[in-house]
Amino acid sequence: MAIKILLDAGHYSGYNVSPVNSKYNEGDRMWDFHLLLKTELEAYGITVDTTRSSKVTDKDVYIRGTAGKGYDLVISEHSNASSTQSTDYPVVIVPFNNKITDLGEQIAQTIQITMGTIQSGRTMTRTYVSGNVTYDYYGVIRGAVFVGTPGIIVENSFHTNSKMTAWLLNDANLKALAKAEAKTIANYFGISTYKNSAKITTKCQFYKKSNIAKGSYCVLAKGTTVEYVKDQNNGWSKVSYNGNTGYVKNSCIDKGTSKYKKGVTTSKTSLRTGMLVAKSTDTSVVAPKGKKVTVISSITAPDGRKWCQIKYKINGKTCDCYVVKSKVNME
Ligand SMILES: [Zn+2]
């Protein structure tokens, strides 16, 4: 299976209005941001879900964390607050067990560079002790850790700093930040293939929803190159074109799967269906020697080992799996 990430917008609509700019509130802006990040992560073939379907409803933070069961990562997106207006550093709060601090440092650094903060990015942990047991202080992290998933809180600088607040209010900036964070996260999981391009094979409408009644952005001419995001499994594909993300009918698009490399297994080998070190025992599927496979990308796992991400049929269903790179001969 592909990498799975659960995204959380830190707060509900209208929460934490900036004291230096009344146009900004953390609840609404980080809601917008987590949806942009979702689209960007999906462009790397990562499966992304969100903790809430509506920004006006709140949810217990611990429950949001435990909803991360079965995911590779939970990310809660925020902007920070300080009584000192000049404070602007990005910080990623990581679990105290230290398993994902590297990723936290990489994200903090990415935010520092993208937003141009004066103070440097950093990570931190916060814990409390109860009955001689140490727990992560923040509920979303504690909940995620409880179900065996690393959970982090990302503070995208400070909405008490007017320069950073103005920066976050700019739509193009927010998109650039989503793009940069998605790249860092995807690369951490060893994924570097961004947005498969696809060709429009028949002049067709580019719909706003996978529902004709909801209207379209524009007509796409035959031969137009769009960015393929994912198959909706309902006859439609999610694609991105000219800055908009929408839907086209599967019958109008060539996803160009032929551009993927083919390979053949050099010996009988187990396949992994998850890529984190924690899932090292997840090798239930065995491919025979000489099996032809479609190789989507070559990736390096967090532990440094090299793998191929392949398409493989399991019980009649095509799945994303991983096979040790040395066991595949590229054709
Ligand atoms: Zn917050």
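**Ground rules**

I noted that this is a predicted model, where local features need pLDDT of at least 70, side-chain atom pairs count only at pLDDT 80 or more, and totals for chains, interfaces and linings use all residues. Residues are numbered from 1 along each chain as its sequence is written.

**Overall shape**

I checked the extent of the C-alpha trace, and along its principal axes it spans about 60 × 55 × 35 Å.

Next I looked up the domains, whose bounds come from an automatic or database domain assignment. The assignment gives domain 1 (4-188), domain 2 (196-257) and domain 3 (260-330). I also looked up the spacing of domain 1 and domain 3: their C-alpha centres lie 31 Å apart.

**Burial and contacts**

I needed the burial rule here: a residue is buried if 20 or more other C-beta atoms lie within 10 Å of its own, exposed if 12 or fewer, and partly exposed in between, with C-beta atoms placed from the backbone. By that rule, 40% of the 331 residues count as buried.

Two residues are in contact if their C-beta atoms, placed from the backbone, lie within 7 Å. Among contacts with a separation of 6 or more, 66% are between residues 24 or more positions apart.

Then the core, meaning a set of buried Ala, Val, Leu, Ile, Met, Phe, Trp, Tyr and Cys residues joined through C-beta atoms within 7 Å. The largest nonpolar core has 76 residues, and Ile 5, Leu 41, Ile 46, Val 92, Ile 152 and Val 323 have the most contacts inside it. Helix α1 (residues 26-42) gives the largest share of this core, six residues.

I followed up on Val 323. Leaving out residues up to four places away in sequence, Val 323 touches Thr 265, Thr 269, Leu 271, Ala 287, Trp 307, Cys 308, Ile 310 and Val 328.

Which residues of helix α5 (residues 162-169) are buried? I found Met 164, Thr 165, Trp 167 and Leu 168. Seen down the axis of α5, they fall within an arc of 160°, so they line one face of the helix. The arc is that of the directions from the helix axis to the C-beta atoms. The cover over these buried residues includes α1, β3 (73-80), α3 (101-115), β8 (151-158) and α6 (171-188).

In helix α4 (residues 139-146), the buried residues are Val 140, Ile 141, Gly 143, Ala 144 and Val 145. They pack against β1, α2 (61-66), β3, β4 (91-93), β7 and β8. Just after α4, Gly 148 takes a positive phi of about 85°.

**Hairpins**

Two strands pair if DSSP finds at least two bridges between them. Strands β6 (residues 127-130) and β7 (residues 133-136) run antiparallel and are joined by four bridges. Tyr 128 has Tyr 135 in β7 as its bridge partner. This hairpin has two residues between its strands, and Gly 131 takes a positive phi near 55°.

I moved on to β12 (residues 225-231), which pairs with β9 (residues 196-200) in the antiparallel sense over four bridges. Asn 196 is bridged to Tyr 228 in β12. β12 also pairs with β13 (residues 236-241), antiparallel again, over four bridges. Asp 231 stands opposite Ser 237 in β13. The hairpin of β12 and β13 has four residues between the strands, and Asn 233 in the turn has a positive phi of about 60°.

Most residues other than glycine have a negative phi. Is Asn 16 buried or exposed? Asn 16 is buried, with 20 other C-beta atoms within 10 Å. Its phi is positive, about 60°, and Asn 16 sits in the loop between β1 (4-9) and α1.

Asn 132, in the loop between β6 and β7, has a positive phi of about 70°. Asn 132 counts as exposed, with 5 C-beta neighbours inside 10 Å.
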